[in-house]
Amino acid sequence: MSVPRRRRRLPDEVRAAAVRAVLSLAFTLVGVVVATLASYAGSWMLTPALMAMGLGVFATMWCLLEILISRQIAAQRIRTPGSAHPMAGSRMPPPEPLAARPFPRPGASAPQQPNQSVYQQPQQRPQQPPHQPRVSAPRP
């Protein structure tokens, strides 16, 4: 007999999104029941019930998308370098320093340098002279 594994607790934002989705689904189902009963009875409640049902379907889809997005955000928050997750540290490592690279063989083309602009200090802009106000000629 195997021991059941304990499920991890959902992050708070995912749990809140799931609660909103369940409430929205319940609201939609109540709208469906009211619309069905109003159509059987030929009541004036049919039109508001259909509008509430349409709004509920839209809100339920919105909440389901919110669950998916918040789960992805929570999963990315877990994926930090050095964690035990399979995607941990999936960023590209920084390039090797120039001194550690081997010299090219004679006749071989030199390896292309990676874009070093990310790792270099930004270049200083040349200083411009202070702004001189424009003097217009006097009018006659």
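**Ground rules.** I am reading a predicted model, where local features need pLDDT of at least 70, side-chain atom pairs count only at pLDDT 80 or more, and totals for chains, interfaces and linings use all residues. Residues are numbered from 1 along each chain as its sequence is written, and side-chain values use heavy atoms, with hydrogens and water left out.

**Overview.** I looked up the secondary structure and found two helices and zero strands; both kinds are DSSP runs, numbered from the N terminus (helices H or I, at least four residues; strands E, at least two). Of the 140 residues in the protein, 11% count as buried. For that label I use under 20% relative accessible area, with exposed over 50% and partly exposed in between (1.4 Å probe, protein chains only).

**The helix pair.** How do α1 and α2 pack? I find helix α1 (residues 12-41) packing with α2 at an angle of about 165°, with their axes 8 Å apart. This makes α1 roughly antiparallel to α2. The axes are lines fitted to C-alpha atoms, for helices over the stretch in contact, and angles run from 0 to 180 degrees between N-to-C directions; under 35 degrees counts as roughly parallel, over 145 as roughly antiparallel, 65 to 115 as roughly perpendicular and the rest as oblique.

**Threonine 60.** Next I turned to helix α2 (residues 46-78), where threonine 60 lies. Is threonine 60 buried or exposed? It counts as buried, because its relative accessibility is 8%. Its side chain makes a polar contact with the side chain of serine 24 at 2.9 Å. Such a contact is a pair of N or O atoms within 3.5 Å; within protein, one must be able to donate a hydrogen and the other to accept it, and residues adjacent in sequence count only if both atoms are side-chain atoms. Setting aside neighbours within four places in sequence, I list Ser24, Leu25 and Thr28 as contacts of threonine 60, where contact means heavy atoms within 4.5 Å.

**Threonine 28.** I found threonine 28 in helix α1, buried at a relative accessible area of 8%. A polar atom of its side chain lies 2.9 Å from the backbone oxygen of glycine 56. Not counting residues up to four places away in sequence, threonine 28 touches Met53, Gly56, Val57 and Thr60.

**Valine 34.** My last stop, valine 34, is also in helix α1 and is partly exposed, with a relative accessible area of 33%. Beyond its neighbours within four places in sequence, valine 34 is in contact with Met45 and Ala49. I noted 6.1 Å between the C-alpha atoms of valine 34 and alanine 49, which are 15 residues apart along the chain.
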